Amino acid sequence: MIMKTKLMILWVMIGTLLAACYDDKGNYNYEAMNDITITFNERSYSAVLGEVVKIEPQLSFTIKEDQKALKFEWSFLGKIISRDRNLEFKADTTARDYLMLRVKDTVTNIVYLAQVPLYITSPYGARGWMILSEKDGKSMLSYIREDENENEVDGSITYEYIAHPDVYNLVNNEELGTGPIKMLEHFVSNTSNSQFWIMQKGGNGCIDIDGITYHKDVAMKDMFLDNDLPANFEPINMLDMRWITFVVNPDGKIYTRKKTTDKLFNSGLFLNRPLTFEGEEIDGRNLIIAPAANMDLTVLYDRPIDKSRNRFLAVVDINEQEAGDIRHFDVEDYDRDCLPLDDLGDVEVLHCGYYRTGRWDQGYYAILKDVDGQLYSYDFLVESVDRGDPYAEVTQEELDLGGVVDGVTPVIFNVMPYDVTPYVLIAKGNVLYMYNRKTGASLEEYYTFADEIVSVDSESKDGTRVGVGLKNGHFFVMNFSRDAVNNLVPKVLYHDPEISYGSIVDTRFKVMYGFYWN
C-alpha cells in the first residue's frame, strides 16, 4: 500500500512538470530542410591500375545551392581516399567495389550518401590481341590492349591500341620457354576473366596462365593421372569446353580429362589413353576450335593419316555424366546431292570453321576439294544436342576461288564468326583475300602486306576487326566494317612499324568472357 502511494505521488509530480514546460501557443514555425541529391555522370567507372580516377559528382538542392558548409569524404575498399569535392584518385590496386561518397552538411549535421561501382583492372587485363611468337630463340607472349571510344555526337566507335611486348616476362620476371606452337583461350562458369593455354616445346612446356595477371596456374605435365605422361607427349592443339578438355599430340592422338567441377579452370586429371570411338582412335590433327555453350557439343573432324575414315562427329558436353560421349550426326534427311557428315568419301576437307547464328544452332563452313580438284562450299547448321544423335542441315555447292586455292600451295583460312561480316578470309603469301559465304560473290583481294602472312584471327568483340601477323614479326589490326569493305575508310586500324615481335606463330583476340564458349 505504501509503495502504490509513492508511485502515485511520482506520476503526479511528472505530470505537473510536463504541464509547466509545455506552453502551446498554437504557432508552429518549422524550417524546411535544404536536402541534397548526389548523382554521377556514369552508372559505373573503370580504370586501369596506375591511372588517375577523376569524378565530379553532381549535387542538386531542394531549395537553393549552398556548398560552403559541406564536407566531403570519398572511400573505397573501406578506406578514406579523399576529402575533396571532386575526386582525383590514383588506382593503386586491382579491385571491384563500390566507391562511396559522404556529403555532410555542417549546419544541420545531416550526412548524404551516394555510391557507384568502380572497377580497377590490370593494365594487361582488358580485351585485346594476344601474340605468341619466337624471338632470339625464346618464346614471347605479348599483349595489345584495345580500348573503344564512342563519339558522343554520332555514336561512332574508334579504337585505341597500347602495345605491351613480352608481357609474360614483364609481369613474371622470367622467360616463358622455347619452341612456341599455339595458344588457346578458355573459360569457366561465373567469372569475368579467362585463361590461356600456352603450348610450347621447351622451358615451362605447355602451361596455363591467368588472362589478367599472366601468372602461371598449372603445367600440363602435372595434370595427368599418376603423373603418367603418354610417350612422346608434345601438345600441339587443345580444346577446352565446360566439362571436357582435349589435348592433341603430333600423331593425332587425343587425350582427355573430365573436370570434377565446372567452377574451376583446372579440375580433374588427364588420362594417358587416347580417345576412341567404336574401337578406333580418333584423330585430332584437324581439331575445330568453336564455342560449345549453346550447343552442348563440339564438332570434331576425324581423318587419320591412313585416310581410312573421313567424317565429322559430335562430342557431347551437355552435363558431367554424358560429357565426352561421341555421336554420329543424324543423316536421314540429307539432300542426296550433299555428302553426308559421317562419310565424306574421297574429298579432302581443306578447312572448317564456325559461325554464329544467334539461335540454338551453330553454323560450320568447310571448303572441300574432290579428286579432280573441284572445290565445294560445305555449309552445315548443327542443332543443340539432346539425348539422341544431333541433327545437322547441310548444303553443298561448287566453289570458284579463282585459282587462289589449289589444295597444294599453303594458305591460311579463317571463317569470320559474326553475321555482320559473313566472310571467309584466305591468306596466301602476302595477300589477304575475302570471300562472302552468303552471297557467293567472287573472291577479291582485300589487302597486300609487305611480308608473308602467318596468322589470321577474327574473334574480335563485334566481328569487324581481324588480327594479322606477318613472318617479319609485324602485327596489324584490319578493319572489316562495311565502310572499310567498301573502301570508304582506311582498312588498317593499327600497325606500329617500330615493334617487331620476332617470328609470330599464333595470334588470338582475348574475348575474356566465355558466354558462347562454355
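**Figure 1. Surroundings of Val299 in the predicted model**. Apart from neighbours within four places in sequence, Val299 is in contact (heavy atoms within 4.5 Å) with Ile288, Phe312, Leu313, Phe329, Tyr364, Phe380 and Val382. The model is predicted, so local features need pLDDT of at least 70 and side-chain atom pairs count only at pLDDT 80 or more, whereas totals for chains, interfaces and linings use all residues. Residues are numbered from 1 along each chain as its sequence is written, and side-chain values use heavy atoms, with hydrogens and water left out.

**Figure 2. The nonpolar cores**. A nonpolar core is a set of buried Ala, Val, Leu, Ile, Met, Phe, Trp, Tyr and Cys residues joined through side-chain atoms within 4.5 Å. Buried means under 20% relative accessible area, exposed over 50%, and partly exposed in between (1.4 Å probe, protein chains only). The largest core holds 42 residues, and Val299, Phe312, Tyr364, Tyr378, Phe380, Val382 and Phe475 have the most contacts inside it. Strand S27 (residues 375-383) gives the most to this core, with four residues; strands (E, at least two residues) and helices (H or I, at least four) are DSSP runs numbered from the N terminus. A second, separate core has 25 residues, including Phe40, Leu87, Leu99 and Tyr112. In soluble globular proteins, nonpolar side chains tend to be buried together.

**Figure 3. Ile288 and its contacts**. Ile288 is found in the loop between strand S21 (280-281) and strand S22 (297-302). Ile288 counts as buried because its relative accessibility is 2%. Not counting residues up to four places away in sequence, Ile288 touches Leu239, Thr298, Val299, Tyr301, Phe312, Cys352 and Tyr364. The C-alpha atoms of Ile288 and Leu300 are 6.2 Å apart in space, while the two residues are 12 apart in sequence.

**Figure 4. Asn266 and its side-chain partners**. The loop between strand S19 (254-258) and strand S20 (276-277) contains Asn266. This residue counts as buried because its relative accessibility is 15%. The side chain of Asn266 makes polar contacts with the side chains of Asp217, at 2.9 Å, and of Arg257, at 3.0 Å. A polar contact is a pair of N or O atoms within 3.5 Å; within protein, one must be able to donate a hydrogen and the other to accept it, and residues adjacent in sequence count only if both atoms are side-chain atoms. Leaving out residues up to four places away in sequence, Asn266 touches Gln195, Trp197, Asp208, Asp217, Val218, Met223 and Arg257.

**Figure 5. The largest pocket**. On a 1 Å grid over the protein atoms alone, a pocket is an open set of points with protein on both sides within 12 Å along at least five of seven lines, and a cavity is a set of points where a 1.4 Å probe fits but cannot get out; lining residues have an atom within 4 Å of a point. Grid points are joined across faces, edges and corners, and a volume is the space filled by probe spheres set on the points. By class, the lining of the largest pocket has 21 nonpolar, eight polar and 10 charged residues; Ala, Val, Leu, Ile, Met, Phe, Trp, Tyr, Cys and Pro count as nonpolar, Asp, Glu, Lys and Arg as charged, and the others, Gly among them, as polar.

**Figure 6. The second largest pocket**. Its volume is about 790 Å³. Of the 27 residues that line this pocket, Ser46, Thr121, Ala126, Arg127 and Arg145 are the closest to its centre. S11 supplies the largest share of the lining, four residues.

Figure 7. The largest contains about 70 Å³ of space and is lined by Pro291, Asn294, Arg356, Thr357, Gly358, Arg359, Asp361, Gln362 and Tyr516. S25 gives the most to this lining, with four residues. The second largest cavity contains about 40 Å³ of space, and its lining consists of Glu185, Phe187, Glu459, Arg508, Phe509, Val511 and Trp517. That lining has four nonpolar, no polar and three charged residues.
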